[in-house]
Amino acid sequence: MNQYKTAHLTLKNLGETAKFGLLLGKLARPGDVICLDGDLGAGKTTLTQSIAKGLGVAAEPPVTSPSFAIFQEYQGRIPLYHFDLYRLHGPDDVLALGLEEYFSLAGCAVIEWSGRAEDILPENHLRLELRVAAGEARDVFCRYHEEGWAARWRSLTQELSIFE
Ligand SMILES: Nc1ncnc2c1ncn2[C@@H]1O[C@H](COP(=O)(O)OP(=O)(O)OP(=O)(O)O)[C@@H](O)[C@H]1O
Ligand SMILES: [Mg+2]
């Protein structure tokens with residue numbers, strides 16, 4: 001049985017990305033894993049910054065992707081574990097660094113370039129693939145674990161007017 005559902009939405013501009021991320025951060029729970037994929041500059045870090053805000057992470061220091069940081073933890077209502085796996089080659093690198101333990105701790109993991117960890121991600125995750133459309137518009141292809149996310153996805157779509 002397929003335990004995943006898919007959805008598509010368009011974020012028309014930065015404001016919609018901010019709104020979407022904020023709501024996502026507000027409904028995040030301990031142990032959540034949110035995977036962000038898409039090309040360089042698609043908006044993964046930008047979306048992570050709004051998720052951080054929704055998690056109650058302080059505005060300073062800002063959530064960024066510094067050149068050599070693969071992992072950064074921030075304190076909020078629950079911790080944010082922010083990963084940028086771009087520089088890793090695959091799951092073996094993630095395991096070698098012991099990073100996978102953060103996928104099941106009390107915070108919310110947000111993983112940029114989650115494809116690098118594909119085989120070792122927990123089943124219960126939300127995956128968002130961002131694609132640049134025209135200008136500030138971003139297409140978002142979503143796949144979520146039904147048991148873990150369907151109810152929350154419904155409330156998210158009810159609160160936002162940006163879903164098709
Ligand atoms: N609707 C939008 N959502 C997100 N970012 C947007 C949007 N419109 C414009 N942008 C801009 O696109 C850029 C996205 O950069 P960002 O660093 O978030 O990308 P990224 O996916 O994290 O890239 P990388 O793979 O290099 O980490 C930013 O300059 C941001 O301001
Ligand atoms: Mg980034």
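Select Arg127 and Glu129 to start: their side chains meet in a salt bridge, N to O 3.9 Å (a salt bridge is a side-chain nitrogen of Lys or Arg within 4 Å of a carboxyl oxygen of Asp or Glu). The model is predicted, so local features need pLDDT of at least 70 and side-chain atom pairs count only at pLDDT 80 or more, while totals for chains, interfaces and linings use all residues. Residues are numbered from 1 along each chain as its sequence is written, chains are lettered from A and ligands numbered from 1 in the order in which they are written, and side-chain values use heavy atoms, with hydrogens and water left out.

Colour the pair by accessibility. Arg127 counts as partly exposed because its relative accessibility is 27%, and Glu129 is also partly exposed, at 22% (buried means under 20% relative accessible area, exposed over 50%, partly exposed in between, with a 1.4 Å probe and protein chains only). The whole structure holds six salt bridges.

Next, select Lys12 and Glu16. The closest N and O atoms of this salt bridge are 3.3 Å apart. Lys12 is exposed at 52% relative accessibility, whereas Glu16 is buried at 13%.

Move to Arg152 and Asp32, whose side chains form a salt bridge of 2.8 Å, N to O. This pair links distant parts of the chain, 120 residues apart: Arg152 is in helix H4 (residues 146-159), and Asp32 is in the loop between helix H1 (14-27) and strand E2 (33-37). Helices (H or I, at least four residues) and strands (E, at least two) are DSSP runs, numbered from the N terminus. Both ends are buried, Arg152 at 7% and Asp32 at 5%.

Last, select ligand 1. Which residues are closest to ligand 1? They are Thr17, Lys44, Thr45, Thr46 and Glu136, out of 16 surrounding residues (a residue is near if one of its heavy atoms lies within 4 Å). H2 (44-54) and H1 each supply at least two residues of this shell, and H2 gives the most, three. By class, the shell has four nonpolar, six polar and six charged residues.

- Thr17: a polar side-chain atom lies 2.7 Å from a nitrogen atom of ligand 1.
- Thr46: a side-chain N or O atom is 2.6 Å from an oxygen atom of ligand 1.
- Glu112: a polar side-chain atom lies 3.2 Å from an oxygen atom of ligand 1.

A polar contact is a pair of N or O atoms within 3.5 Å. Taken alone, ligand 1 exposes 640 Å², of which the protein buries 73% (Shrake-Rupley method, 1.4 Å probe).

Technical notes:
Polar contact = N/O pair within 3.5 Å; in protein donor to acceptor, adjacent residues only side chain to side chain. Nonpolar A, V, L, I, M, F, W, Y, C, P; charged D, E, K, R; others polar.
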